[in-house]
Amino acid sequence: MEKKNVVIEAIRMRRSIRKFDKRPITDDEINLILESALWAPSGMNNQPWKFAIIRDPSLKESLSTLTHYGSVIQEAPVCIAVFLDHTRSYDRTKDVQAIGASIQNMLLTIHSLGLGGVWLGEILKNKEKVAELLGAGKELELMAVIAFGHPKEEMKGLGERERSGMRDPLGKKVFFNQ
Ligand SMILES: Cc1cc2nc3c(=O)[nH]c(=O)nc-3n(C[C@H](O)[C@H](O)[C@H](O)COP(=O)(O)O)c2cc1C
């Protein structure tokens, strides 16, 4: 029988969660999530990320007006805005890739803690307004907002049948193998 691999299991079982119940998130949980971002790889280990933690309901309310996905932000007890720090940047493509890796680390940690979250990119249409709202310096460029919390019961997980079809098969994606 195949040995259970917790990393592969987490990668496969994580799904975007957009509905949350009212249970709060602890500081320890937030720290674990952010710490996992720090361990993402980055080009020349330049660690080009910066984070803003958003918990205040009225601030979340203001943030929610800046995206079509405002209801997700309002319902989530915590959001983390992820910025690219241009003072640490050396190659935009590689920096953005590193930020993506840090976000995936956070999403996997959120999942592994029994929480749920979603990567919000649509809000980037208002990235300057988000930066202003959060008092971010001019050197910081918004890359994403992650909204997370305790998943509403019905959101907890998808069965095998619901999950199949959510990804193209590998055969459609590998174009060279020699
Ligand atoms: C760069 C990026 C931007 C995204 N932006 C949004 C968004 O603005 N709103 C949203 O609800 N989901 C957003 N998502 C989540 C995707 O919709 C989701 O990851 C995709 O449908 C696959 O579903 P899964 O995460 O459950 O596997 C984004 C994901 C990525 C990687």
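1. Basis. In this predicted model, local features need pLDDT of at least 70 and side-chain atom pairs count only at pLDDT 80 or more, while totals for chains, interfaces and linings use all residues. Residues are numbered from 1 along each chain as its sequence is written.

2. Secondary structure. The protein chain has eight helices and four strands; helices (H or I, at least four residues) and strands (E, at least two) are DSSP runs, numbered from the N terminus. Their order along the sequence is α-α-β-α-α-β-α-β-α-β-α-α.

3. Overall dimensions. The C-alpha trace of the protein chain spans about 50 × 45 × 30 Å along its principal axes.

4. Of the 178 residues in the protein chain, 29% are buried. A residue is buried if 20 or more other C-beta atoms lie within 10 Å of its own, exposed if 12 or fewer, and partly exposed in between, with C-beta atoms placed from the backbone. Among contacts with a separation of 6 or more, 80% join residues 24 or more positions apart; two residues are in contact if their C-beta atoms, placed from the backbone, lie within 7 Å.

5. Helices α2 and α5. Helix α2 (residues 27–38) packs with helix α5 (residues 92–112) at an angle of about 145 degrees, their axes 8 Å apart. Axes are lines fitted to C-alpha atoms, for helices over the stretch in contact, and angles run from 0 to 180 degrees between N-to-C directions. On the α2 side, Leu 32, Ile 33, Ser 36 and Ala 37 meet Ser 102, Asn 105, Met 106, Thr 109 and Ile 110 of α5. This contact has five nonpolar, four polar and no charged residues. Ala, Val, Leu, Ile, Met, Phe, Trp, Tyr, Cys and Pro count as nonpolar, Asp, Glu, Lys and Arg as charged, and the others, Gly among them, as polar.

6. Lys 50. Lys 50 lies in strand β1 (residues 49–54). Lys 50 counts as buried because 20 other C-beta atoms lie within 10 Å. Leaving out residues up to four places away in sequence, Lys 50 touches Phe 83, Asp 85 and Leu 140. The C-alpha atoms of Lys 50 and Ala 81, 31 residues apart along the chain, are separated by 8.3 Å.

7. Ligand shell. Around the ligand are Arg 15, Ser 16, Arg 18, Tyr 69, Val 118, Trp 119, Leu 120, Gly 121 and Glu 122, each with its C-beta atom, placed from the backbone, within 6 Å of the ligand. The shell divides into four nonpolar, two polar and three charged residues.
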